[in-house]
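Walk through this structure one packing contact at a time. Begin with a pair of helices, then turn to the sheet and the core.

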Amino acid sequence: MISYIKTLLTVAIAGIMLMSCDKPLPPQVDTLWKKEFTAAQQIIDTYDSIRTAIGDDNHGLHTKNMCHYVWNSGEYMFRCRGKNEDIYQLAQYFEELELSDDSLKSFINCHNPERFADHYFTLKAMKRGDKFDDARDGLTITVFYPIRGLNHNDYNKLKEVFRSNNEVLHKVYLEKLRFPLGNSGCNEEMYSVQPIIKENVADSKLKEEILGLFERYSILMPGRVAPTPDLKDVNGNTRTFAEFRGKVLVIDVWATWCSSCLAGMPKYMALRDKYKGNGNIEFITVSIDRSNVKKLWKSTIVKKGMEGMINLFPDCAEQSQFESDYHISGVPRYIVIDKNGNIVSAFAPPTGKGLEELITNTLK
């Protein structure tokens with residue numbers, strides 16, 4: 001059956017070799033791609049047959065054929081929500097494209113640029129060996145998939161997009177940055193995207209807005225002096241991070257109303273216990289609860305067995321100086337400060353291997 005399809009495709013595309021590579025794929029080929037595929041192998045067979053007829057020397061048509069492959073592969077993967085095992089076959093045939101290529105620009109202008117980019121970078125990450133859930137776009141909030149934190153694929157995607165000469169994708173991803181920068185903070189890897197935008201993206205009000213969001217996080221980048229706002233301990237005494245100079249500080253920012261914070265607290269305390277007796281490190285919790293729930297804060301500390309470490313509280317009726325200084329937009333949040341009072345990471349990994357490695361390297 002496959003050989004029969006290839007024969008038909010070869011006949012349908014026979015005239016392609018005589019065409020200029022700047023021209024669009026002929027109607028026969030567009031028609032072959034304009035259908036809903038129900039299996040990965042169907043997409044692979046269609047792509048392979050067209051590629052054979054075109055030949056590898058026809059760059060423009062080959063690029064457009066791969067664009068069709070990316071588009072249809074992505075549509076199939078997202079229709080099945082990444083659950084069909086055959087999606088990983090699609091990654092094997094994926095070939096990287098130049099985002100600045102005129103043929104690619106032409107293709108995405110006739111489709112949905114954002115959706116194409118999601119498909120493209122998902123396939124690219126899967127070809128490197130990542131599972132679908134880690135490969136799919138983490139910058140887009142969707143009801144179809146659980147929200148996950150941004151990972152290396154998302155940061156690499158941003159860097160590649162903004163290094164390209166593709167103004168359509170520039171605009172798409174500047175828009176996408178509004179939510180994470182406005183609501184989820186900015187770690188060091190995200191901040192490394194800022195100079196790329198500054199240098200490569202054309203000036204616009206949107207670019208200015210995004211660079212402004214980046215700028216407010218500059219004081220929280222590694223090596224900067226950590227802010228030391230006043231906080232209160234359970235006895236009502238005023239404390240600041242400055243009094244712990246000479247020690248590495250590991251800070252868990254939480255709230256009594258945050259179920260994720262409470263669920264993760266045992267792991268944080270287990271990490272504290274691992275360093276028990278080490279005078280070079282201090283584990284601290286800072287609650288962002290308001291002053292009207294001070295009693296609940298204290299009772300939660302007792303209930304969760306948190307008395308064995310320093311627990312602090314802004315004791316404010318509204319947003320505190322601590323929240324403002326550290327741009328606390330969500331909890332749980334982890335912060336590591338070195339013995340000199342400088343920031344190691346204001347957006348440290350959650351409790352686990354990543355945080356332990358950060359602590360180990362800071363103690364050296």
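In this predicted model, Pro113, Glu114, Ala117 and Asp118 of helix α7 meet Val168, Leu169, Val172, Tyr173 and Lys176 of helix α10. By class, six of the residues in this contact are nonpolar, three are charged and none is polar. Helix α7 spans residues 113–127 and α10 spans residues 167–183. Their axes lie 10 Å apart, at an angle of about 85°. Angles of 65 to 115 degrees count as roughly perpendicular, so α7 and α10 are roughly perpendicular to each other.

Now the sheet. It is open, with seven strands in the order β2-β1-β5-β4-β3-β6-β7 and mixed pairing. β2 (238–239) and β7 (343–348) stand at the edges. Each has a single partner strand, so one side of each is left without a neighbour in the sheet. Strand β6 (residues 333–337) runs antiparallel to β7, and three bridges join them. Val336 stands opposite Ser345 in β7.

Helix α14 (residues 259–274) lies across β3 (248–254), β4 (281–287) and β6. It runs at about 165° to β3. Helix α15 (residues 294–303) touches β1 (231–233), β3, β4 and β5 (310–313). The direction of α15 makes about 165° with that of β5.

Last, the core. The largest nonpolar core has 108 residues. Phe162, Ile197, Phe214, Phe241 and Phe322 have the most contacts inside it. Helix α4 (residues 59–79) gives the most to this core, with eight residues. Take Ile197: beyond its neighbours within four places in sequence, Ile197 is in contact with Phe162, Leu174, Leu177, Lys207, Ile210, Leu211 and Phe214.

Key:
Residues are numbered from 1 along each chain as its sequence is written. This is a predicted model: local features need pLDDT of at least 70, side-chain atom pairs count only at pLDDT 80 or more; totals for chains, interfaces and linings use all residues. Side-chain values use heavy atoms; hydrogens and water are left out. A nonpolar core is a set of buried Ala, Val, Leu, Ile, Met, Phe, Trp, Tyr and Cys residues joined through side-chain atoms within 4.5 Å. Buried means under 20% relative accessible area, exposed over 50%, partly exposed in between (1.4 Å probe, protein chains only). Helices (H or I, at least four residues) and strands (E, at least two) are DSSP runs, numbered from the N terminus. Contact means heavy atoms within 4.5 Å. Axes are lines fitted to C-alpha atoms, for helices over the stretch in contact, and angles run from 0 to 180 degrees between N-to-C directions. Angles under 35 degrees count as roughly parallel, over 145 as roughly antiparallel, 65 to 115 as roughly perpendicular and the rest as oblique. Ala, Val, Leu, Ile, Met, Phe, Trp, Tyr, Cys and Pro count as nonpolar, Asp, Glu, Lys and Arg as charged, and the others, Gly among them, as polar. Two strands pair if DSSP finds at least two bridges between them.
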